[in-house]
Amino acid sequence: MGEAAVFAARLGLSLRDSGLLEQALTHSSWVHEHPAGSPGHNERLELLGDAVVNLAIATALHDRHPLDDEGILSARRAAIVSAPGLARLAARIDLGSHMRLGQGEERSGGRMRPLLLASGFEAVAGAVYLDLGWDVARDWIIGLANPEIAEDQAPGALKSPKSRLQELTQRSGRGRPVYDVVEASGPDHRRQFVVTVSVDGQVRGQGEGASRQAAETAAADRAIHDGDAIEAGG
């Protein structure tokens, strides 16, 4: 049984075309090292899956939270479909262990990298949509993200990680968070940024993203996990 079939069984999906899922699990780094035996990388499926995931999550939130206005629904959706949010969904299905990565990406910890996992999850969603249709893809995504969809957070908790981090540092009398780009790589159409966020000169988080803004958001999200220390002045 191939890797795609094993993963499909894990997801509880009966595929018609396992080649689509095989491609969704194939990172560009693997294709660069195995050009002759590759089904192609997953970036086209990722683009399609981004739209599929956003529509599925937006639909579910619209139905689940009928009293929320557009702003709160947007904040709920953004929290789920952000790179950290999608990486959590990917971890829920152990996506990282099924990805086909190049040796360099493997050595650098790619199987645990939030941006790679988020992109891979979108690619899988795109493959499921093409193979099994909208209804199956929607129900699978909503079922997987149901804990986040059903969560009744206070509006303040739905603010962006950058806003929440700044409020946290302000309450504790610390300086404003400072974001620094420590790495920018890839071609123009496929840029990747690594950003750190510091408070009072101390690095509190690091994030990755396809834009500087996305990387800053991921870094702030990481820093919030250290919020007690920041608020306490530690």
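1. Let's begin with Pro-161, which sits in helix 11, spanning residues 161-171. Helices here are DSSP runs of H or I with at least four residues, strands are E runs of at least two, and both are numbered from the N terminus. Please keep in mind that this is a predicted model, where local features need pLDDT of at least 70, side-chain atom pairs count only at pLDDT 80 or more, and totals for chains, interfaces and linings use all residues. Residues are numbered from 1 along each chain as its sequence is written, and side-chain values use heavy atoms, with hydrogens and water left out.

2. Is Pro-161 buried or exposed? Pro-161 has a relative accessible area of 14% and is buried (under 20%; exposed is over 50% and partly exposed lies in between, with a 1.4 Å probe and protein chains only). Leaving aside residues up to four places away in sequence, Pro-161 touches Thr-217, Ala-220, Asp-221 and Ile-224; a contact means heavy atoms within 4.5 Å. Glu-216 is 55 residues from Pro-161 along the chain, yet their C-alpha atoms are separated by 9.0 Å.

3. Now for the whole chain. The protein chain has 13 helices and three strands. Its radius of gyration is 19 Å, close to the 17 Å from the globule rule for 234 residues, so the chain is as compact as a globular protein of that length. That radius is taken over C-alpha atoms, and the rule is 2.2 Å times the number of residues to the power 0.38. Buried residues make up 44% of the 234. Among contacts with a separation of 6 or more, 55% join residues 24 or more positions apart.

4. Helix 8 (residues 114-132) packs against helix 9 (residues 134-144) at about 145 degrees, with axes 7 Å apart. Axes are lines fitted to C-alpha atoms, for helices over the stretch in contact, and angles run from 0 to 180 degrees between N-to-C directions. Nonpolar covers Ala, Val, Leu, Ile, Met, Phe, Trp, Tyr, Cys and Pro; charged covers Asp, Glu, Lys and Arg; the others, Gly among them, are polar.

5. Helix 8 also meets helix 4 (residues 43-64), their axes coming within 6 Å and crossing at roughly 80 degrees. That makes the two helices roughly perpendicular (65 to 115 degrees). Here the contact has ten nonpolar, three polar and three charged residues.

Terms used. Angles under 35 degrees count as roughly parallel, over 145 as roughly antiparallel, 65 to 115 as roughly perpendicular and the rest as oblique.
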